[in-house]
Structure formats: C-alpha cells, structure tokens
Amino acid sequence: MTANKTKRIVFIGMPGAGKSRIGWEVSKYLQAFFADSDKEIAKHEGTTTARAFTVLGEPAFRRMEHEVIAGLIGRMWDSPQSQVLSLGGGSVTNEDSRRLLQDFARCGGQVVYLDTDVDDAIEQATRRQETRPVLGEDSRGDWLRLYRERKDQFLQAATVIVSVRGKTPQGTALTVLDALEEKTAVLPFLKGRSYLVMGRRVFMHLPQTLSSADPHGRKVLLVHTLAAQADSDKARGILRRKGYEVIEASLLSSQQGLASSCLDPAREADFCLFVGDQDLCQAGMAFIRQRMPGLPFLLCPSPASCLPDLDWGQLFQDKFRLLGILAESDGPDKAQDDLWGRVLAAFPPQADTQACCLS
Ligand SMILES: Nc1ncnc2c1ncn2[C@@H]1O[C@H](COP(=O)(O)OP(=O)(O)O)[C@@H](O)[C@H]1O
Ligand SMILES: O=C(O)C1=C[C@@H](OP(=O)(O)O)[C@@H](O)[C@H](O)C1
Ligand SMILES: [Mg+2]
C-alpha cells in the first residue's frame, strides 16, 4: 500500500476500545469519509442503538446490524475517496458479517482490530453506559465474558491489530496509520507461519510474536551490533514494558564470534533476537542452526536496506524456528516501496500471501 492510495478501513473491537473515536480520528488524518454503523442503525431504526438492541433482542438486532453493515461496506467501494467505518463491538458474532469482512479484506480493505484491556475499556465504555446494553450491572464480568467469546473472531477478521493501551486517541490513530502502511508477507516455507514485516515501528509486533510462539516464555536474548544500538534500544524498551526479561549481548561487529558470547545466555533464554546488519543476521542464523536449533528467534535487519541481501537459501532450511523478520524502516515513501520491490524480487511470495499482522 502506498501513502496516497485510496484506503478502505473498518474498525472492530470490544465495546469501549475506541472504535468510534479512533475511526473518526483516522478519517481526519486521511481526509476520508467516516461512518459508524451504530449511528446508521440509530437512523435506520429511528431510535438509539441501545434501544433497538433492547427492543429487538440480540438475534434480530444482529440480523438488522448485518444488513446495515452490508450496505455501508458495499458503498465503500463506490467512491474514489478513502473511507473509514467503525462497527459495533458485537458485529463479528454474526457469521454473515464475518464473511463480509473476509471478502472486504480479500478485495484489499483493511480490518483494524483495536486491542484493549478490561480496565481501559470499562473506564471508557462506562462513560456513556446507556449506549451499551451488553454491559449490565456487573460491567466488568460482562465485558470479560464477551471478550472470551469474541476474541478469536476479532483476531481472525483482522488484517491489522493495534494495541490502544496507554495511548491517547491521537497516538492510537497515528499508530494505526503506521500499521496500515506496513508491508507484510508470509514466509510459508517454514513450519508454522513466519512473517516478514517492514515499516515504521515494526518492533511493536514483538510482544505478540513472542507470546503467540510461547505464551509462557519471558527471557529474551537480544544480540545486536553497536551500529544497531538505536534499534536495539527500541526493541528492548518495548519488551521490558511488556514484562520480558531482556539479556543483552552487544557485539563490536558482526564478525565477532557469536558462540563465545551468546551460547550460555542462549541456553537460558526462551527467545533470541538478532538486531544488526546482513552479516549479523547470517551469523545469527548459522549460530541458531548449529548450536540452538530449538530456540525460537527473530531477525531484525538493521539497516532495513540489507534485507534483500539476506541469504534466503539459508532461510529456507527447515532446521530452526524463525518466528519472523522485522525490518524497521522510515516511510512510507518511495525508498521504502523500492526496497520492498527488491525484497519481493529476492523472495517472490508463495501460496498464502494474505497480509498478516502481529502488533
Ligand atoms: N485512546 C483513548 N484514550 C482516552 N479516551 C478514549 C480513547 N479512545 C476512546 N476514548 C473515549 O472513550 C469513550 C469510548 O470510546 P468509543 O470510541 O465510543 O469506543 P467504542 O466505539 O469502541 O465502543 C469515548 O468517550 C472516547 O472519546
Ligand atoms: O458489543 C456489543 O454487542 C455492542 C456494542 C455497541 O457498540 P460499541 O462497541 O461501539 O460500543 C453497540 O453496537 C451495541 O450496543 C452492541
Ligand atoms: Mg462505537
């Protein structure tokens, strides 16, 4: 996706996550048309969404909500102007609406899941309790029950996942815009699914990538070259904020033997992260293959421009657990587009190329 291309974006997530507010913020940045399905439902029914929900009952409300959403999504393709649509939190529970989102994503639309936690969401959702009939007296208990029921549906529908925790509405909107500009490919040749992601702030994918590989893993060995100190600092900061214990191995250069400084800490670690140039990534892969083949690891090529020069042949080897390649690069701009063109030339996407998101 290039910076100025027409965008079609749908927001999903739990009640109180900020879909309506962030959708509107994002539409302002993009000078896009904005719609909120709850507002359209209120117009359609001539009453508030909450009242429509209570009067119709949930099953009939979901069918009517689906009809409204189908109309809104259909219209998103009619205009050359960018479009943003925020949905109600329960819309993904309807199978037809889920299918609609799947088709929307297949046609190039972006489905942004705003991931939040119960405390923030309840605080935000209960600001105007009357608009959320699904949250009763035990709003916390209700929210958590709905979250358990819906979480997988959100994750499956999403093409982009953005955490809203600890961010202002504007901060979340900017993060969403960066995430939408990311370039993502699936590396389907490895066991499980590995992702190649390039863009600004790709390190925000780290916590989710690690926890989906091993939810209990806490210790990360971060190997970096001095030249990649700034990127390494960013990665470490994000991981520590999420409660990971980061053991650092700082190498003067990628030529320095990895085994001597990294073998002992690697034995203690649950994951390994290599942040550095092409040589460090190559040396990292060799180290993992020869010494620690079971250790899940990530490559973070820095600068990102070395990405096309990685030895893809080595990557194709099935002897280790590469979780992903995260390349932090400024942009969106032409340089990033060109770089991605070179990456795809070096590594033509195979089979399943649907964009996947990890943040
Ligand atoms: N990141 C945020 N920080 C602080 N307040 C927020 C944030 N996102 C949304 N809000 C506020 O929280 C309330 C609920 O947000 P809303 O967008 O209606 O949630 P949703 O549509 O997901 O249910 C609104 O008053 C909104 O302005
Ligand atoms: O979670 C739900 O089932 C609902 C969420 C509401 O929208 P928000 O998620 O915008 O609050 C609204 O559609 C309706 O009250 C039902
Ligand atoms: Mg809303």
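The model is predicted. It holds seven aromatic pairs. A pair of aromatic rings is described by two values, the distance of the centres and the angle of the planes.

**Phenylalanine 53 and phenylalanine 61**
- One of the aromatic pairs joins phenylalanine 53 and phenylalanine 61 edge-to-face, with 5.0 Å centre to centre and 65° between the planes.
- Phenylalanine 53 has 14% relative accessibility; because buried means under 20%, phenylalanine 53 counts as buried.
- Phenylalanine 61 has 3% relative accessibility and so counts as buried.

**Phenylalanine 274 and phenylalanine 297**
- Phenylalanine 274 and phenylalanine 297 form an edge-to-face pair, 6.2 Å centre to centre and with 75° between the planes.
- Phenylalanine 274 belongs to strand β10 (residues 271–276) and phenylalanine 297 to strand β11 (residues 297–301), so this pair ties together parts that are 23 residues apart in sequence.
- Phenylalanine 274 and phenylalanine 297 are both buried.
- Ring pairs link Phe274 and Phe297 with Phe320 into a cluster.

**A charge over a ring**
- Arginine 218 has its charged end over the ring of tyrosine 244, at 4.2 Å from the ring's centre.

**Helix α11**
- Helix α11 spans residues 258–268, and its buried residues are Leu258, Cys262, Leu263, Pro265 and Ala266.
- These buried residues of α11 pack against the strands β8 (219–225), β9 (245–251) and β10, and against helix α12 (278–291).

How values were computed
Residues are numbered from 1 along each chain as its sequence is written. Chains are lettered from A and ligands numbered from 1 in the order in which they are written. This is a predicted model: local features need pLDDT of at least 70, side-chain atom pairs count only at pLDDT 80 or more; totals for chains, interfaces and linings use all residues. Side-chain values use heavy atoms; hydrogens and water are left out. Rings of Phe, Tyr and Trp (its six-membered ring) pair if their centres lie within 6.5 Å; planes under 30 degrees apart count as stacked, over 60 as edge-to-face and the rest as tilted. Buried means under 20% relative accessible area, exposed over 50%, partly exposed in between (1.4 Å probe, protein chains only). Helices (H or I, at least four residues) and strands (E, at least two) are DSSP runs, numbered from the N terminus. A charge sits over a ring if NZ of Lys or CZ of Arg is within 6 Å of the ring centre and within 35 degrees of the ring normal. Contact means heavy atoms within 4.5 Å.
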